[in-house]
Amino acid sequence: MKEQNSYILHNKNSLKNIEINIDQDIENDIGDFCFSKNDLENIKIPSDLDDIIEEPFLEDKKERKSYLVSWVVDLLLVFILLLPILGIYNPNIFSKIEAVYPFFVKAHNFLDKDNIIRMLGGKVGDENLKDAKPTVVVKAKDVKKPKSNMEELELIHSLANSLIKAEYKWECTEVTPKTIKKALSGVDYLQDEYQRIYFRSNLEKWQQGDFSNAVEVHNKVWSILKGNIGEAYALDEENISKIKEKYFK
């Protein structure tokens, strides 16, 4: 019994001590948070408080700006990488950039399915041209001076047909100094300024007996006329030799 009472007494004393300790801790904590008037008067607000507050927001803005710049750069890189592929697939995208347009035309023609078949020694099927009409040959004496945008384009196309090889050519006009001169005389009827510059420059080469650009010229005008069959894939060297022999010795 005495032991039990001693145990109870001990526990009561322990609880009392704990209560005293807790009260003391609370008083200490309150003391730590109490400021005298003098302490309050000595508190100084930093002169650059606005800058301190703004700093985290500025950092966030910088990060967002950096992300945006990185995103734009990545987009530009993807676009730059895709440009050559697009140019080879459709050279007319670069038709107004004379420095690169011929390259894309050549690459497009070289990678054309039918051209690859020819290079491998195969023959290109002509099942889509079974009912095609035979090529019409327009004599030089029957060529008239163009008097409209469309007439000029059609004459250049018909002349170019005589200088190139293609899967199908509906009409070929005899290439002579006179027919070239008539084509040159109609350049001013072209409505597009770039086309006037482009075709005048290339026709002037024909006037000198230089037909090395014929594939490019043909495919340019063929594209403008929305051609879908008969894209040029090579020069007709045999016919060009005959023209040079006859008119450009």
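**Note on a loop, its helices and some side-chain contacts**

1. Let's start at S212, which is found in the loop between α8 and α9. Because its relative accessibility is 54%, S212 counts as exposed (exposed means over 50% relative accessible area, buried under 20%, and partly exposed in between, with a 1.4 Å probe and protein chains only). S212 and L163 are 49 residues apart in sequence, yet their C-alpha atoms are 9.2 Å apart in space.

2. A word on the model before going further. This is a predicted model, in which local features need pLDDT of at least 70 and side-chain atom pairs count only at pLDDT 80 or more, while totals for chains, interfaces and linings use all residues. Residues are numbered from 1 along each chain as its sequence is written, and side-chain values use heavy atoms, with hydrogens and water left out.

3. Now the overall layout. The protein has 10 helices and four strands (DSSP runs numbered from the N terminus: H or I over at least four residues for helices, E over at least two for strands). Read from the N terminus, the order of elements is α-α-α-α-α-β-α-β-β-α-α-α-β-α. The protein has 249 residues, of which 28% count as buried.

4. The crossing of α7 and α8 is left-handed, a term used if the near helix is turned anticlockwise from the far one by less than a right angle.

5. Helix α6 (residues 149-161) packs with helix α9 (residues 214-224) at about 140°, the two axes being 9 Å apart. The pair α6 and α9 is therefore oblique, and the crossing is left-handed. α6 also packs with α7, at an angle of about 150° and with the axes 9 Å apart. That angle makes α6 roughly antiparallel to α7, and this crossing too is left-handed.

6. On the aromatic side, the structure holds four aromatic pairs (rings of Phe, Tyr and Trp, the last by its six-membered ring, with centres within 6.5 Å; planes under 30 degrees apart are stacked, over 60 edge-to-face, and the rest tilted). In one of them, the ring centres of W206 and F211 are 6.2 Å apart and the planes are at 50°, so this pair is tilted. W206 and F211 are both buried.

7. Which residues do ring pairs link into a cluster? They are Y194, Y198 and F199. Y198 has a further contact: the charged end of K220 sits over its ring, 5.6 Å from the centre (the cut-offs are NZ of Lys or CZ of Arg within 6 Å of the ring centre and within 35 degrees of the ring normal).

8. The structure holds five salt bridges (a side-chain nitrogen of Lys or Arg within 4 Å of a carboxyl oxygen of Asp or Glu). Among them is the one between D142 and K141, whose closest N and O atoms are 3.4 Å apart. D142 lies in the loop between β1 (136-138) and α6. Is D142 buried, exposed or partly exposed? Because its relative accessibility is 44%, D142 counts as partly exposed, whereas K141 is exposed, with a relative accessible area of 71%.

9. K242 and E238 are both exposed. K249 forms a salt bridge with E245, where the closest N and O atoms are 3.6 Å apart. K249 is exposed, at a relative accessible area of 82%.

Notes. Axes are lines fitted to C-alpha atoms, for helices over the stretch in contact, and angles run from 0 to 180 degrees between N-to-C directions. Angles under 35 degrees count as roughly parallel, over 145 as roughly antiparallel, 65 to 115 as roughly perpendicular and the rest as oblique.
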